[in-house]
Amino acid sequence: MAQVVIKDSPYNLKKARILDIKSLTEKEKLFKIAFENSSWLDFEPGQFIMVSLMGIGEIPVSICSSPLNRHYFEICVRAVGKVTNSLHKLNAGDIIGVRGPYGNGFPIKMIEGHDLLIIAGGLGLAPLRSLILYAIDNRRDFGEIHILFGCKTPGELLFADEIEEWSKRLDIHFACTVDRADPDWKGNVGLITSLIPGVDIDPARTYAAVVGPPVMYKFVIKELLAKGLPVDQILLSFERHMKCGMGKCGRCQIQNLYCCKDGPVFTFKEIMDMAEAL
Amino acid sequence: MKVEQYKILEKSKINDFINSLISFSKVAAPVYKGYNNYAFQEIKSADEVSLKYIPTIIPPKKYFMPQKETLLKFDVNEDLKIEPVVEYENLVLFGVHTCDIAGIKCLNMVLSDKPKDTGYLIRKKHITIIGLECNDYCDEYASCSFVGAHIPTTGYDLMFTELSDYFIVHIHSSKGSDIIEKTGLFKPAETVHIEELKALRNNKLKIFNNEVPTERRYLPDLFDRSFNASVWKELETKCLSCGNCTAVCPTCYCFDIKEEVDLTLKAGERYRVWFSCQLDPFAKVAGGIDFRRERSARQRHRFYRKFRYHIDRYGMIFCTGCGRCSRTCMAKINLKEVLTSLIKESEAKIWRKWL
Ligand SMILES: Cc1cc2nc3c(=O)[nH]c(=O)nc-3n(C[C@H](O)[C@H](O)[C@H](O)COP(=O)(O)OP(=O)(O)OC[C@H]3O[C@@H](n4cnc5c(N)ncnc54)[C@H](O)[C@@H]3O)c2cc1C
Ligand code: SF4
Ligand code: SF4
Ligand code: FES
């Protein structure tokens, strides 16, 4: 059996160095990363990368920084298992492997010129942060921007500093809610769906971008439809088990679609008749 | 049928031909393993080959996409060293049935779709496929004519068809014609031989009749109507979720990616292994959510993956009618019976609409 090195293998990795690690919550850390050969990651908000810890494994993670940043990119990782826990143990200066970006991302060219309603549940804020930062960097290309964010408890609030900033901006409407409050919490209490009726949007002019845990989608979509949003202006990003990230391993298949290649972002119109999507 | 593309080999010389192949290449062919089981394996002599065989336990897919395949080698000792690799060897596959050639074509479709699976393509380049046409059904599980895989079309280098006292051989590639020249055992075909081949194929149209009471072209429509069919619910109680049906299928390519490290824990390799949509962790995501928890949903996914989804994606049916899934299933879930039940259920629904 001959064995040869194939540089153009789609499984090849680029070496990347962790520049900085920041704890966001008890379970989530933000990693600032740059490629070793000083090339940049050319991506669109909503796309993901495959992150490798050699000897431990490889996982899909959304890119959560602004695509306009050419010096580094960021990922926000929740420790849930083998690879994610090992990532949490790394230090600035450590090297990881990266391939990608993969997936389709949010259709920015389509959204531009419209109002934007962002609905993030928990860790769903990670991919949406990339879209939010892009929209802020190109503020004049978008109309009204509404951001709704919900998580279980105040302790799980991601990007707390940035949220604080967004909520102070006069050109963004920001609302946040928690399922269960603690004594210090002064904001809304309740599911994220409870925020939707209250936002003042022109449904014909608005694109909604929704990312969150699987249970959230059905309820959020119901509210958005009640608001009169057209089915092709509701954008959803799905999470599925992913191994290859490029439409081969079959793990992320939703009926005839590969979540990794055709998605992870779909319009509600594309998937509304698909029993296995929601 | 251009007569120049055909050669003749006397039946008595078939062993000489196989032995001659062995003299210049590694050769794998169907070998009898007992209890009506066959396997493709390396042969050292023509005597080991079974020219009459029912589909092997595992399809020749294993040579194109090995059960375990190294993707990367790494060494984190000094500076992290990462090398994507491919393993390949020159191999002649002798005696491949048309259903299995159809299976390789399916793999080809997926793995040469962008981004190209470079490792697979390199390995494939080094494999020569010598087909062997079936003149009759291998057994009652086969449904090769339903999916149109019973007559050779493309996807091979040479195709052997057994006629009266000789094989007629179709040359389909330069790799194939090189072999013809190297072995030096063949005679040019003449019009009578072509006529005999045509007669055989005409006869095949009669004996290979539809195994499932519908036609291939109605499949998309049938499956579009059957997502909520009670057939799937019935499979729920039968299926053991063992994954055998997918492990033996020539068109299943789903995989897992894993790693192995050496004793230093510093160096090792990342590899892929076959995996199955019938098994538990396949579609689970963080938080414990499983997008196909029920066996009915998993079996439905298997059937749709064969007969519907990939028509949208690749314009092809991903079933070759080899019958392996039905032959191997401990719960006796039979592909032809499932399709027949679907048709019956769907017809019943249509009639009800008319009444
Ligand atoms: C498109 C996409 C974007 C994602 N973005 C982020 C992100 O920005 N931040 C983040 O923290 N997480 C993200 N995830 C989830 C992340 O991939 C999983 O949490 C991670 O793979 C778990 O790996 P592990 O080795 O730590 O867990 P394991 O020990 O392997 O398992 C823990 C749990 O995670 C599930 N899981 C394991 N591997 C995968 C996988 N490859 N894909 C999905 N689930 C898996 C297992 O089924 C199990 O339930 C994303 C997933 C997808 C598909
Ligand atoms: S159909 Fe049969 S072979 Fe396939 S998983 Fe179920 S029991 Fe196993
Ligand atoms: S589904 Fe069954 S009959 Fe069809 S190719 Fe796979 S194993 Fe063969
Ligand atoms: S992750 Fe492999 S097919 Fe989508």
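This is a predicted model: local features need pLDDT of at least 70, side-chain atom pairs count only at pLDDT 80 or more; totals for chains, interfaces and linings use all residues.
**Exercise 1. Is F318(B) buried or exposed?**

*Step 1.* Look up the relative accessibility of F318(B), which is 0%.
*Step 2.* Compare it with the cut-off: buried means under 20%.
*Step 3.* F318(B) therefore counts as buried.

Now try Y253(B) in the same way. Its relative accessibility is 1%, so Y253(B) counts as buried too.

**Exercise 2. Classify two aromatic pairs by the angle between their planes.**

*Step 1.* Recall what you need: a pair of aromatic rings is described by the distance of the centres and the angle of the planes.
*Step 2.* Take F48(A) and Y102(A). Their centres are 6.0 Å apart and their planes make an angle of 45 degrees, which is a tilted pair.
*Step 3.* Turn to Y253(B) and F318(B). Here the centres are 6.4 Å apart and the planes stand at 70 degrees; angles over 60 count as edge-to-face, so this pair is edge-to-face.
*Step 4.* Locate this second pair as well. Y253(B) lies in the loop between α9 (244-247) and β11 (255-261), and F318(B) in the loop between α11 (309-314) and α12 (324-328) of chain B, 65 residues apart.

**Exercise 3. Find a charged end that sits over a ring.**

*Step 1.* Go to F24(B): the charged end of K182(B) sits over its ring, 4.4 Å from the ring centre.
*Step 2.* Go on to F255(B): the charged end of R272(B) sits over this ring, at 4.8 Å from the centre.

**Exercise 4. Explore the largest nonpolar core.**

*Step 1.* This core has 104 residues, and I119(A), F149(A) and L224(A) touch the most other members.
*Step 2.* Ask which helix gives the largest share: helix α3 (residues 125-137) of chain A, with 9 residues.
*Step 3.* Leaving aside residues up to four places away in sequence, its contacts include L128(A), L148(A), I192(A) and L224(A).

**Exercise 5. Describe the shell around ligand 2.**

*Step 1.* Find some of its residues, among them C239(B), C242(B), C245(B), R302(B) and C329(B).
*Step 2.* Sort the shell by class: 6 nonpolar, 5 polar and 1 charged residues.
*Step 3.* Check the helices: α9 and α10 (295-307) of chain B each supply at least two residues of this shell.

How values were computed
Residues are numbered from 1 along each chain as its sequence is written. Chains are lettered from A and ligands numbered from 1 in the order in which they are written. Side-chain values use heavy atoms; hydrogens and water are left out. A nonpolar core is a set of buried Ala, Val, Leu, Ile, Met, Phe, Trp, Tyr and Cys residues joined through side-chain atoms within 4.5 Å. Buried means under 20% relative accessible area, exposed over 50%, partly exposed in between (1.4 Å probe, protein chains only). Helices (H or I, at least four residues) and strands (E, at least two) are DSSP runs, numbered from the N terminus. Contact means heavy atoms within 4.5 Å. Rings of Phe, Tyr and Trp (its six-membered ring) pair if their centres lie within 6.5 Å; planes under 30 degrees apart count as stacked, over 60 as edge-to-face and the rest as tilted. A charge sits over a ring if NZ of Lys or CZ of Arg is within 6 Å of the ring centre and within 35 degrees of the ring normal. A residue is near a molecule or strand if one of its heavy atoms lies within 4 Å of it. Ala, Val, Leu, Ile, Met, Phe, Trp, Tyr, Cys and Pro count as nonpolar, Asp, Glu, Lys and Arg as charged, and the others, Gly among them, as polar.
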